[in-house]
Each structure stands twice: as C-alpha cells, then as structure tokens.
Amino acid sequence: MPARHSLIMHSPLYRRLFLALLFLGILLLRAVSAFPLNGEPGTGKIAEGDAFPTFSPAPVLSLEEKGIVPDETPAPPDKPVAIAPENNGANDPPADYAPDAPTDAPPAPPDEPGEVKEDETPAAAQEPGAAPPDDSEPNAGTEAVPAQIETPQESVNPAAHEEELRREREEAEKKAQEEALQREREAAQKKAREEAERKEKEARLNKRIADAADAATAGDWERLISAAPDIIAEGPELNAKFTPLLAYAYYMTGDMGRTAEALKASDDAYSALTRSVITGEKTTVPGSKTEITGVKIFAVKIGVPQTEGFETIVYKKSLLKALKEAFKKTAGDAAKYGPGAFEKYIAPSAERYYVNHYVLSQDEDGGDSFDFNVVMFIDTGRLKEAVDALGAGNGEAGQQRHMKTILLSKKGAETVKKSLLADLMKDGFPVEDLGSGALTPETVNKAKGAIIIQIDVESASSGKLLNSNFKSIRANLDFTIINGNNGLVISKLSKSHALVHLNEEEGKEAAVQKAYEKSAGPLKDAITDIEMRMGKDIASGLLPSVEASLRDVKEVFANIYKSYADDTIGTLILKNNTDNEFKSIRAAFSIKGYMDYPTERVIDRLGPREEKAVPVKAVFNNNVLNLTDNTLLQSELEVRYAESGGEEKTIRVRQPIQMYEKHALVWDDKGKVASFITYKDPVVDGFAAKAAREYNYPYLPQAIVTARAIFGAMGALGITYVPDPVPYSTVASITSMVDHVQYPRQTLARKAGDCDDLVALMTASLEALGIKAMPVEAPGHLFLMFDTGISRDNEAEFGFPRDMYVIYGSTIWLPFETTLVGSNFFLAWEKGAENYRKWSDEVKPVDLKKAWKTYAPATLPPDEFTQPVSMAAIDRKFPNELDAIKRRRVEGIVKKSVKGKGRDEKKEAIILYGKNGMVSEAIKLAEEMLKNGGKRDPGILNNAGNLYYLNGDYERALKSYLEAGKLAPDDPRILVNEARAYLKLGQTKKAADAFDKAVDIAPDMKDEYMRLHTEISK
C-alpha cells in the first residue's frame, strides 16, 4: 500500500469517517430487515390472512320455517339489527356490532430510535467529499482530509443538524410573518385611503345634493339647473329623483326644449306626474284608476326629531307643509275664509289631496334631529273644489264652513256624546244636542239641512278569568250618520275596545273611553267627507239620484290580509232616490299604497226607490306586512252611474279603516293561526331541513324521528318558552282582545316565544318536511299533534300505550306540548297526550288544509336560515333519545303481541328484539329457551347462532349452527350460516365445504349469496 494511503487510513479523522459509514450501514440493514412485505416479521413470507378482507354488510335476522338465518343487508349506524329476508350480501357485520373484534392485519411496529428508513440515505454518504482521494498529486490527499472528515462528522450529529434546521425554520417563519404583517398593513392603509376618498366623495356629493334640494325648496331654479346634471352624472341612482325636478326647473325657466328632453329620458311614476304638472294632461295614481287633473309640485324642507317611526312623521309634516302652500296659492286671500281655515277645513283631510312624494335629501343637523327636503305632488284640482265649497268668502258664509251637525244619543251614551260635542265644537263644527232617545219624525223635522249622528254604546263583562279577580270587559260604540232631510242612513262607523280590569264599572268606563278615542278622528273625517259629497243636497233639502255609503267596515289585520280577497271588508249601501232604473253601476274600492288595483264590482240593476247592499272586498299587497304599528288607512269607494239623460255621475265615499300590524291577532277564530304557519318560508324550510337531514333511524316511524329532530334542534338552539305579558290563556278567552303572535322565522331569531309562537314554529317545520300537523285548541291553551303516517289498521304494531296517541281519521297522531322546548322529546309527547286526555271533550284540532283556504300563510320577504344546526349538536344535548323511545316501543309490542309464554310467542319476541337491534335482550331470551328444551329446535339454535354472530362471538355462533345443522341437515340456509362463521374464524376450506353442501341442496344459493361465494373463493 502506498505510504500516503496508509497515512490517511491511520489518521484519526479518516478512522472516524470510516466508523461513521460502517455504523450507518448497520442501521440501514436493520431497518430493511424490520419491515417485511407480508407475513411474519423478518421472514419475508406472506402469512395467511395478512391481506385485508373485503368487508361486507352484516347478516341480519329473518323468520323462516326452521329459524332465522343471517342476511347481508347493511345495518344502520345506530347498531340496529333488522329481521328481514336474506340476500346475497357478504358475511361481515358493521364494526358497530363487534367493536372488540381483532383485525386481521397486525399494526405496524413503531420506528425504533435512531432507525434509518430505506429512502433516507445519510447525508454523509451523499457528500461528494466522502470518496477516496485522488493520488495524482503527492499532497492532494493531505489537503483534502479536513473537508472529507468534517462534512460527514456534521451529518452524523443529528441534534446539531436538527437545531440548525429549527433555527432556519424559525427565521423563515418570522420573515414570512413580517412579510404578511407588512402586506396586511399596506392593504389596511390602502383600504383606509379608499374609504377616506369614498367618504370625501360622498360628502361632496351630499353637499351638492343638499344645495340643489335647498335651491328647489327656495324656487331658485337656475341654481338647481346648474347643480342637478352633475349630481345625476356622479350618482346615476339619483336619476329618478333629480330628473323630474330638473325637467320642472327647465319648465319654470322657459326652456321647453330641455324640458321635453329630460322627460323623454325617463318613464317612471315621478316623471309621469311631472309631465302632467307641465302639460296639464290627466294622469292616474299608481294603484288607482281615478284620473287626476291639476297636479302640482311642491318642494318643502322640514326638521324631524330622531325618534322611532320618523318616516311617518316626515310624510305627514311634509304633506301638511306642501298642502298649506298649495292652499295659499289656490285660495288667494285665505283670510276671507276665516281664521285658521286651513287647519279647520283642509288639514284634517290632508290625505285626500295627496298624490305622491319622495325624499330628495336627508341631512343630520348635528343635534337630535334630521332635515329632510321632500318633493310632494298635490292634487290641486281636488283642493280647489274643497276651497270653492268653503263659500264665497262673505262674513256670514265665512263664519260657518261646516254643515250643522245634530247629536242624538241612546240610553247609556251620554258620556260619549258630551265628549264628541266638545271635540266637534273645538274644531269649528256647528253642533246641536238633541238629547237622548230614538229618531222620530219630529227629530227629522228639526234636522232639515243638517247631519244627524246617532250614538249607541254597549258594554259588557264576561266574568272572572281563570279563577282570578280580573274581569274581561268589552265596549262597542256605533255611530250612525243620517241625512236630516229624509232620515236615511248615509254611513255607519263602529269601534270597540276590550280590556281586563279588577273593577267592573271602572273597566267599562275605561273601555268606552278607549273605543271613543279610536272613533273621534275617523268620525270627523267622515263628516267632512259627507259635507263635500252631499253638502249642497242636504243643505237644500234635495236628494241626489243615487246615494252611496260604506257600512259595517271591519278592522283589518295585516297577518290575514289574503283572506279579505274572499271575505267582505265592509258593505256598500246603494239607495235609488228616484222612480227611474239605473243599470251597470260600477263600484271600485281602493286603499292607496296597500292595494295594487281597486277591487271592482258591477251592480247590474238598481230599481226605482230600491236600496241594495253590496259586499266590498279588498285584495291587499304585501306592503301591509311592513306596518310596524296599528294605524288608520284612508279608503276610497268610487261609484259611477249614468243619469237617465246619459250624464255620467261619480260618487266618492272615503272611509278610514283600522289596520293592525302583522303580529296583531284576535282569537275569535282559532283557524287564524294558520296564517302564521308559514311552511313555505325559506327560513323555516332551511331550519327543518338542517335539523332532520342527517337522521336515518329505521326502528321508529319516520314522522317521530323527524319531529324529534325538529324539537331537539329548537332546544339545541336555545329556544325557550316565554309567555306574553298578557298570556294566551287570557286573550284566547276574550275574543276581542288583541294578541301578539310571532312568525316562525322571528321565533327562530329571537329564541323565545309563547305557546302559539312555538306551535306555529314546530307545525310549520313539520309541514315543510311533508308531515301533517295541526294546532290543537284547548281551554286557555294551544298545543299540537302530528300524523305518524301509520294506519289505524296497524295499531298493534305501533307499540306505544293507547293513551299516548290519537286516532284521527285513518291514521295515528301524536299530541305534543311545545312549551316544554329544551326538554326531552318523550316528556313533551307525554305532556301533550296528558293534555289531550284532560280536555278530551273540549279539544278542537285546527284542520290546516281547511284553515289555509281562508287564512293563507303570509308571503314574507326573502331570507335564509343561517344558524348552525346538526345531528351532533342535537344528540349532544339530548343523548340516546331515539334508542330510549325505540325500547319503549319494542317492549310495548312485546307486551301486546306476545300474550302467552309458549315457545312460538317467545320465538316471535326473539325476532322482534333482533329486528330492532336489541341483541342482548334477544340473546337472553334465546338462551332461556335453550335451557328449557330449545336445543331440540333447529330454529331456536339457528336464531341463537345469528345473535351470537351479530354480537361478534363467532365461535359460539358456529357451535349453534352446527347443532342446528345436526337437527336439520338438509336446511341450506343453516349451512350458509356455518360457512359464514367458518370464514370469520379463518377456516376457509371448511367454509367452502359448508357452502358447497348448501349449493348441492339448493343450487340457487350460489346466486343468492354470490358475494359470500366470491369471498370464500379468494
């Protein structure tokens, strides 16, 4: 060996390198030998059973002539065991049935410390410097020694290398975090700049809008013209507001060319009205067929405090301000009509002159109020008619703008009459009190040229409520308005109020006062309307050819708004005062903003001196659902007919109607709850679908599983029962008292509700999933029941006690108590059944199919259910509920159907337990039978084998099968069971022999159990 080679090999560095390489090689060999492909470790052989078998659905139980044989239908995830006919599935049950069974393949051993895996070549071995040095130069090897030895020495120091890698990772992560933070800072700065620019731009635009709006209010049309085009260009969404006003500004400055151009570019309602203002053409208000002439534009500025319902205040204040300007322009010298003429005669009926409006701009003044610039369209044609009706303006006429009004009260109405007398005199009505009593010819003679108002009051107490000292009290007020010339009724107005009070007399007084407060405003409006329509005729003693009045007007509830399309909202009374016949009289009823089109009716004939009552209906739009407070809506009934000479006549009857907001309801008809069961609401549908979608539990009727999922989801969401301040038990017994009911989507959002709210939510959710449900009315309470879908003919198979369900129609229904939300499902079911039994003679189920024909569910705005609901969350809060209910059902069926203690009855019980996954109970009964002579029954032995099999005890299963086979050697299915058990125990040859015997006896076994045959053949 050359001297330099010897020197290198004997050097300490080289020896260390050599030893390191040797050590790594040994580790590599150990690692390779520790991981055989299959079979025993270290041998390289493939042991029998190392390969994982193909798992198949579990065998299940079925009743045969000689017993039960395993089937291959997959068992559900809740460890059920169904007893059903056999099929050709494989022999392995789901893991749920044998959680402790060992797997065929052993787990891989953990890596030993310091072990080097095959694909991890040591860094030292990969280092080029580890190769032997070149001997071409005498000193080359010596110079290369430090590099050759140092590199592998570093690589065989895992701790140092790992520490270096860790530092590199930390530095890289730190750098990445700093870069991410920098990007976030830059993004935030960019967003802040953009937001500042947007706000600055918005502020500039808002200032320009405010300046333009102020110009319109001041009538400075030149300034508006200079500002509006740029505003429209910068904010296209403002086009609908500023283009009509810009066209009007062009018109006011005489630029008709640009006026026409601006109006041509837009065809919305505001532009159409502006076109009518400029051209004088007739136009119609949206939702009405009545043509209007003389529309004018008024731009006004008002201040409104920041308070709830400020939108209504904006509308009313801007209407009054615009109307006052219009009155001044129309009346000229307003003083000639007496002091306060506008406030007395025009303002009280301001709605009749309103056409349309929109808010041009809104500015916060820095305090506690807002400034609004509003564009208002006023019907100045109708206003002029009202002004002309006030009189010629001389002193005598100016002192009496209203017709004389005579008050006549029936017994008990004196207090109301005094209040009305004072209010009418305060508002400038000339009033006379004719005392009390009935309307007589003498009274009519005193009332020529006047209006008579007859007042009738009725109050009553319904006695104590629910064993308390409170009493239910109701007051009804009826005002009949009569033509003083002939004693004929012109119109009627009725109002009522109900309350609960400890003192009957004080309660009646309070109820009457509340009813009067509801009546005062509408009554004044009705008098003013009659003055305008019939004033001259009444004053002169002459009667019009046809009189029209609206009577028996109902209070309208927004939540049942669809019902008024079929039900009457009031009655039109037509009276023919002549000896002529009138044909094809047309009547149209409308409420501006809340009906898209008037409801029309044609009266074919009105005979001489005939009076006819015509029902009035209303088709409301969804705008009624936007009302947030109970309010009066102005209605208009327009009647058109032709005089004998062909002259067209029009009568307009205006009547205020009380509209209750969407949550208000009176329980005079419990079927009204149907309007709140909004099963088509996407929010309700989404909730129900999320609650039930993961459940698949075959041991109970699907309706029960679904109902439990919905009720459990309500509890998991934290929904609770909270009674209203005035509980349902009170309002349900007072059919005039207004209750507050939530829509299901609101109960989901608020997570609270009383009995009717919770019934509406659960009923709607069940209906959304196709399960029939019905609210159930009981004395002072509301619960529900739902249809299981099980025929009454299969009652024995239902299993539950007879007092837990109701036979309704042809199926079984379950009563249910929703106020126990948050509790166990079965507890709420038991309470519902108890309620049904307690009030069995008084309960009244609400048939939704019938109720929806009258009270269709409201169509609510689009929305979605976004709250988290899952099977896991429900079962976490209410664990094992379904299993507990199933156990009750099975025990009930066993008690009902297995009446005796004979062998056949017990065999039925084994099958029943097995079908419902109650394997332990089935095994216990089977072993009891085996001890008592069952070992001579191949069916019992076979069933016992199946149960052991399902329990994962394959050795005991095989033993039972073999004993059954000895008693019934020609039964092919017992042989199939033997084959399955052998296969589970790894005895493939015996499995094949048993299966071949079964095929020899019954060749069709091969096709029926093809998967088992394939498994054995492997």
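This is a predicted model: local features need pLDDT of at least 70, side-chain atom pairs count only at pLDDT 80 or more; totals for chains, interfaces and linings use all residues.
Colleague: How do you know what span is expected of H29?

Modeller: The expected span is 1.5 Å times one less than the number of residues. H29 (residues 938-950) has 13 residues, and its expected span is 18 Å. From first C-alpha to last, H29 reaches 18 Å, close to that expectation.

Colleague: Why is H29 called largely enclosed?

Modeller: A residue counts as buried under 20% relative accessible area. In H29, 13 of the 13 residues are buried, so the helix is largely enclosed by the rest of the structure.

Colleague: Why is Pro-244 called buried?

Modeller: The relative accessible area of Pro-244 is 1%; the limit is under 20%, so Pro-244 qualifies as buried. Pro-244 is found in helix H7 (residues 239-252).

Colleague: What is Pro-244 in contact with, leaving aside its neighbours within four places in sequence?

Modeller: Its contacts are Asn-239, Asp-268, Tyr-270, Ser-271, Thr-274 and Tyr-358. The C-alpha atoms of Pro-244 and Ser-271 are separated by 5.0 Å, although these residues are 27 residues apart along the chain.

Colleague: What is the order of the strands in the open sheet, and which strands stand at the edges?

Modeller: The open sheet has 5 strands in the order E25-E26-E24-E23-E27, with antiparallel pairing. Strand E25 (806-808) and strand E27 (844-845) stand at the edges: each has a single partner strand, so one side of each is left without a neighbour in the sheet.

Colleague: How do you know that E23 and E27 pair?

Modeller: Pairing requires at least two bridges. Strand E23 (residues 773-778) and E27 have 2 bridges, so they meet the requirement, in the antiparallel sense. Val-776 has Pro-845 as its bridge partner in E27, and Phe-783 as its bridge partner in E24.

Colleague: What joins E24 to E23 and to E26?

Modeller: E23 and E24 run antiparallel and are joined by 6 bridges. They form a hairpin with 2 residues between them, and Gly-780 in the turn has a positive phi of about 70 degrees. E24 pairs with E26 over 5 bridges, again in the antiparallel sense, and Asp-787 stands opposite Trp-813 in E26.

Colleague: What makes E24 mostly covered, and which helices lie across E24?

Modeller: Of the 11 residues of E24, 9 are buried. Helix H18 (residues 702-716) lies across E24 (781-791) and E26 (811-816), at about 145 degrees to E24. Helix H21 (residues 755-768) lies across E23, E24 and E26, at about 20 degrees to E24.

Colleague: Where in the protein is confidence lowest, and where is it highest?

Modeller: Confidence is lowest in helix H13 (residues 395-399), with a mean pLDDT of 37, and highest in E26, at 97. Over residues 392-400 the pLDDT is below 50, and this stretch has 6 contacts in the model beyond near neighbours in sequence. The protein averages a pLDDT of 78, and 77% of the residues score at least 70.

Key
Residues are numbered from 1 along each chain as its sequence is written. Side-chain values use heavy atoms; hydrogens and water are left out. Helices (H or I, at least four residues) and strands (E, at least two) are DSSP runs, numbered from the N terminus. Contact means heavy atoms within 4.5 Å. Axes are lines fitted to C-alpha atoms, for helices over the stretch in contact, and angles run from 0 to 180 degrees between N-to-C directions. Buried means under 20% relative accessible area, exposed over 50%, partly exposed in between (1.4 Å probe, protein chains only). pLDDT is the predictor's confidence in each residue, from 0 to 100.
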